[in-house]
Amino acid sequence: MEDRTTEQLAQDYSAMGDSISLITAVIAGDSMADDSAEDRQDCVDRNTQHLELMKAKTDWGSEDMAAANSAIAAGKGYTAS
């Protein structure tokens with residue numbers, strides 16, 4: 001697999017930030033509060049999986065993955081009710 005360009009890396013890192021924000025907002029009840037528990041769970045699960053897939057890429061530079069790690073842990077521990 002070819003390494004991503006600098007622009008692709010920046011876009012992917014930004015998309016990870018979007019997933020982190022959404023996971024955090026759903027868990028806090030600030031987003032999707034009117035949606036069903038199933039929909040909230042699906043959203044958190046999908047975004048957690050996205051972060052795991054992106055983190056597994058081997059061509060990252062010095063990007064800080066601390067927020068991604070926290071969001072992955074929170075997403076894995078989340079059960080919508």
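Arg-46 counts as partly exposed in this predicted model, at 45% relative accessibility (buried means under 20% relative accessible area, exposed over 50%, and partly exposed in between, with a 1.4 Å probe and protein chains only). Its partner Asp-42 is likewise partly exposed, with a relative accessible area of 39%, and the two form a salt bridge whose closest N and O atoms are 2.3 Å apart (a side-chain nitrogen of Lys or Arg within 4 Å of a carboxyl oxygen of Asp or Glu). Because Arg-46 and Asp-42 are 4 residues apart in helix H2, about one helical turn separates them; helices (H or I, at least four residues) and strands (E, at least two) are DSSP runs, numbered from the N terminus.

The structure holds 4 salt bridges, and those that share partners join Arg-4, Asp-12 and Asp-59 into one network. Arg-4 meets Asp-12 at 2.7 Å, N to O, and both of these residues are buried. Arg-4 also forms a salt bridge with Asp-59, at 2.5 Å between the closest N and O atoms. Since Arg-4 lies in the segment before helix H1 (6–28) and Asp-59 in the loop between helix H2 (37–55) and H3, this pair ties together parts that are 55 residues apart in sequence. Asp-59, like Arg-4, is buried.

Ala-80, in the segment after helix H3 (66–77), is buried with a relative accessible area of 14%. Apart from neighbours within four places in sequence, Ala-80 is in contact (heavy atoms within 4.5 Å) with Ala-37, Arg-40 and Gln-41.

Residues are numbered from 1 along each chain as its sequence is written, and side-chain values use heavy atoms, leaving out hydrogens and water. As the model is predicted, local features need pLDDT of at least 70 and side-chain atom pairs count only at pLDDT 80 or more, whereas totals for chains, interfaces and linings use all residues.
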